[in-house]
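Subject: A structure to look at, with notes

Dear colleague,

I am handing over a structure for you to look through, and my notes on what was found in it follow below. Please keep the structure open beside them as you read.

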Amino acid sequence: MTTTLPAYDEVVARFEPVIGLETHVELGTNTKMFCGCPTDFGGEPNTRVCPVCLGLPGSLPVANKAAIEATVRIGLALNCSIASWCRFARKNYFYPDMPKNFQISQYDEPLCVDGYLDVEVNGETVRIGIERVHLEEDTGKTLHVGGATGRIHGATESLVDYNRAGIPLVEIVTKPIPGTGALAPEVARAYVTELRDVLRSLGVSDVRMEEGSLRCDVNTSLNLPGAEWGTRTETKNVNSLRSVERAVRSEMLRQASVLDAGGRITQETRHFHEETGDTTPGRSKETATDYRYFPEPDLVPVAPDPAWVAELKAALPELPRLHRRRLQQEWGLSDLDMQSVLNAGAVELIEATIAAGTTPAAARKWWLGELSRRANETGVELADVGATPAQVAELQGLVDAGKLNDKLARTVLEGVVAGEGSPTEIMTDRGLEVVSDTGALTAAVDEAIAANPDIADKIRSGKVAAAGALVGAVMKTTRGQADAKTVRELILSRLGAS
């Protein structure tokens, strides 16, 4: 039976959403969390394993110092307090991709607590409270074969790859986020976007959502104004920024439909479907009691030296929000212009193009103009459109040198995006360079004058603005390759109007 969902505006007029996000980040360490197995992505299944990460009897874990350091740096960047003493715990539950049938994690004594991250949404700053940042190990990966959806329902067999099991995994948990109203989906996306940028600036992870190194669990609930918060659902493993926003919106609509029909929301995990934007039930959500946490007996507690933590804090890089604010001032952009750059995902591309030798205005023109249009048409991210910052800077350099005009430059850019080579190579191979030699242009100028005697007479009588029509005629004859300034000078000279 098909359920008709209410309109989004109607939902936010009657209900108040509360969201929360649990983000899992695979750290970019060379080895796993508790053993020496490599962590690089890919490889034949079950080739990056050992007795420790497979949970074989008699094997003992040893904590990865680099992972602890990376977690502390993440906590500091998120304005958290760093624990002076904490320890790992065993989180017990059975999954086929959990080799030991428990996960080494942190429970009541996390490494980092009580922080925040500020994000910009519609020109307003929203402060997202951070409940905790803790360190654990990732699970393996299960592949369900034979079904239509790639999930266990309908599959004929399941395969398990333990290469990922034991990779250092940081979980960043927000506090509940009420009061966002209709902007709840956008706030969720803005938070994950900003968090990804922070993690990338720290160099602790490649944060590739498509490869699973950044995954987000999205918690959503609805309540009537003034009432207690509703029962939340947890949409698991959402793996794109767009899908984070869609998952919140989808759950708000679904939950409103259930409540309107007199039903109750079940606390459960749910699966998000990219192709439809819908969520479907997963499993009932366990509580902390269900996991039977207890201290991990095979690992000593972690007690970060305050002096070491202070050194890490002092060495933090400029964080993205401050970095963007500085760039905005250097580039001379208004808040609205900078927001356009952010919306296009072009900050780093423009910055790299400027570093390659062009101006902020020129870099912004190409990335927010022609290249953004092409990215939208082809449905790819701007960074994957086919041109590099160095190539864009080279293209603008040819324009600045007078070798290309804007029209020819766009033609050259087409070749760059198509993979034909560098801008200079394409310009040379196609013979697109601007013609500025007066000898080569004189014949075209004389032809235009002869073909348009009435316009020539106007110019002779002092109406030099009419020269634009003859310039256009010469440009057409030369397929846009004539230097317009040189052509104008020649026309006025030939007609005695210079």
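I begin with a helix contact, in which His323, Arg324, Leu327 and Trp331 of helix 7 meet Val347, Ile350, Glu351 and Ile354 of helix 9, where contact means heavy atoms within 4.5 Å. Sorted by class, the contact of helix 7 with helix 9 has 5 nonpolar, 1 polar and 2 charged residues; here Ala, Val, Leu, Ile, Met, Phe, Trp, Tyr, Cys and Pro count as nonpolar, Asp, Glu, Lys and Arg as charged, and the others, Gly among them, as polar.

Before going on, please note that this is a predicted model, in which local features need pLDDT of at least 70 and side-chain atom pairs count only at pLDDT 80 or more, while totals for chains, interfaces and linings use all residues. Residues are numbered from 1 along each chain as its sequence is written, and side-chain values use heavy atoms, with hydrogens and water left out.

Helix 7 (residues 320-331) and helix 9 (residues 347-355) pack at an angle of about 50°, with their axes 12 Å apart. Helices (H or I, at least four residues) and strands (E, at least two) are DSSP runs, numbered from the N terminus, and axes are lines fitted to C-alpha atoms, for helices over the stretch in contact, with angles running from 0 to 180 degrees between N-to-C directions. The angle makes helix 7 oblique to helix 9 (under 35 degrees counts as roughly parallel, over 145 as roughly antiparallel, 65 to 115 as roughly perpendicular and the rest as oblique). The crossing of these two helices is left-handed, a term used if the near helix is turned anticlockwise from the far one by less than a right angle, whereas clockwise gives right-handed.

Helix 9 also meets helix 10 (residues 360-368), and the axes of this pair come within 9 Å and cross at roughly 135°, so helix 9 and helix 10 are oblique to each other as well. Helix 9 passes helix 10 in a right-handed crossing, and Leu349, Ile350, Thr353 and Ile354 of helix 9 are in contact with Pro360, Ala363, Arg364 and Trp367 of helix 10.

Turning to the strands, 9 of them form an open sheet of mixed pairing, in the order 2-5-6-9-1-10-11-12-13, where two strands pair if DSSP finds at least two bridges between them. Its edge strands, strand 2 (81-82) and strand 13 (279-284), each pair on one side only. Strand 1 (residues 16-26) and strand 10 (residues 214-223) pair in the antiparallel sense over 10 bridges, and Glu22 stands opposite Asp217 in strand 10. Helix 3 (residues 184-202) lies across several strands, among them strand 1 and strand 5 (112-121), and runs at about 115° to strand 5.

Finally, the protein is divided into domain 1 (8-309), domain 2 (318-429) and domain 3 (438-494), with bounds that come from an automatic or database domain assignment. The centres of domain 1 and domain 3, taken over C-alpha atoms, are separated by 67 Å.
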